[in-house]
Amino acid sequence: MNTSRRSFLRRSAGALALAPIVPVGRLALRAVRDGALPDPAMHSAADPGPQEAWVARARAEIPASTESLYFQTGGIGPAPNAVIDHVQERLAFQNRSPAEPGISDEMARVEPDLRAQLARVFGAETEEVALTHSTSEGISIVAWSLNWEPGDEVVISNTEHPANVVPWYVLRDRFGIAIREIDLSPGTGLIDEIRDQLSDRTRMVSISHVSRNNGRTLRTDESAELGDLLRSRGVRYHLDGAQGPGCVATDFRALGCDGYSTCGHKWLLGPKGTGALFVRREILDDVQLSWAGSHSHATMDYEGAYTLLPSAARYEFGTRALADFAGFAHAVEWMEDIGLERIEERVQSLVDHAIEVVDATEGLGVSSPRARPDRSGVFVVQLPEGCDATQLYNDLREDEGILASPVRAERDFRLSIHFFNTREEIDAAVAAVSDRCT
């Protein structure tokens, strides 16, 4: 890392360390009510005031946020100390005597409590939530839930993560399905794009709630309209929500989809190996199991009879890493304590700033949507011709301590902007990109 960047990091970390430590989340709300803190709603965007104080407090709890300029939440989010500590504490507690009922019964509450928590926070019923280990797992559960026939069709988009592409390649090669692709570049019409690809053989539409390649977010009302259209034609509708919860407002029922796959380790800042699949209660029996085992069933005997659990928990089976799921629950609680709407608003404010900075930088452009309803914290910079995004990623990481990411388009470079990032960090990252590329 060069001297100027080292100096910036030292100044940034030092300034934040000296910032006033004020309560966040429920403690902050209590302090506002008691008059110990001013109401953040009374401050404008031009007057950061307590907003910057709560951000400083949160950054102090996320080690990765001050170790580097961290713009890689879209790949893997940095967990707060409290989440890691909770995982360690639960794991140590469980291993005091895993088979002791006083311990095993307490750990057995982790999963049902987490399902209820995720349902409450993200607009579902508890019976509609299955706990998975990743977004990819949820996608595969949905992808393999139909009895595919040769010539059946699935519709995906040109902005998908490999997790929502490779399963369809496998089904194509095994069962002869056809893959149709729509254009979800910024500015294209979602409904028109889908309608143009629908046929009598279309059985599923599986696209991203938020694109990891350009940051486009499906508008909730538009997604609901699409859901109505697809249900009227008997087509299953699934959303890849890896980049959704914790980044943009996410309400499963309001989105109108049949299934929604997400994970804990990105914008929710939870442990790796955690995730969730939401499935509409009305179609649980139609989303058939391809994998099952102990804990998928409600009843069984050894004569061949069994019944599945009546809830989405039927998609879970086998021994689970309960301490990790406890950490997932703690991460969601940590985010809730700060305030998900507060977090989403700050992300949007930072993206406003990023757009202004890139627009003012000669040679760079914005590949992401500019309008708030269509955009997210996945902010993509268009590089000038001749600037290699992969080489840029390596150079910024090795020389500048900036963690960002190339994406699918050759000249696109992603800054995943979460609430703990700062305007100064965005300025430094864009300046570093400009120094390398223009």
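The following legends describe close-up views of a predicted model.

**View 1. The ring pair of Trp148 and Trp168.** The structure contains 8 aromatic pairs. In the pair formed by Trp148 and Trp168, the ring centres are 6.0 Å apart and the planes stand at 80 degrees, so this pair is edge-to-face. Trp148 belongs to the loop between helix H8 (135-143) and strand S3 (153-157), whereas Trp168 belongs to helix H9 (residues 166-175); the pair therefore ties together parts that are 20 residues apart in sequence. Trp148 has a relative accessible area of 7% and is buried, because buried means under 20%. Trp168 likewise counts as buried, at 1% relative accessibility.

**View 2. A cluster of aromatic rings.** Trp54, Trp334, Phe419 and Phe420 are linked into a cluster by ring pairs. A pair of aromatic rings is described by two quantities, the distance of the centres and the angle of the planes.

**View 3. Strand S12 and its pairing partners.** Strand S12 (residues 378-382) is mostly covered, with 4 of its 5 residues buried. S12 pairs with strand S11 (residues 365-366) in the antiparallel sense over 2 bridges. Within this pairing, Val366 stands opposite Val381 in S12. S12 also pairs with strand S15 (residues 412-416), again in the antiparallel sense, over 5 bridges. Here Val378 stands opposite Ser416 in S15. In a regular strand, side chains alternate between the two faces of the sheet.

**View 4. The surroundings of His418.** His418 is located in the loop between S15 and helix H16 (423-437). With a relative accessible area of 0%, His418 is buried. A polar atom of the His418 side chain lies 2.8 Å from the backbone oxygen of Trp267. Apart from residues up to four places away in sequence, His418 touches Thr73, Gly246, Trp267, Leu269, Met335, Ile343, Val347 and Leu350.

Terms used. Residues numbered from 1 in each chain as written. Predicted model: local features only at pLDDT ≥ 70, side-chain atom pairs only at ≥ 80, totals over all residues. Heavy atoms only, no water. Phe/Tyr/Trp six-rings, centres within 6.5 Å; stacked < 30°, edge-to-face > 60°. Buried < 20%, exposed > 50% of the residue type's maximum accessible area, 1.4 Å probe, protein only. Pairing = 2+ DSSP bridges. Polar contact = N/O pair within 3.5 Å; in protein donor to acceptor, adjacent residues only side chain to side chain. Contact = heavy atoms within 4.5 Å.
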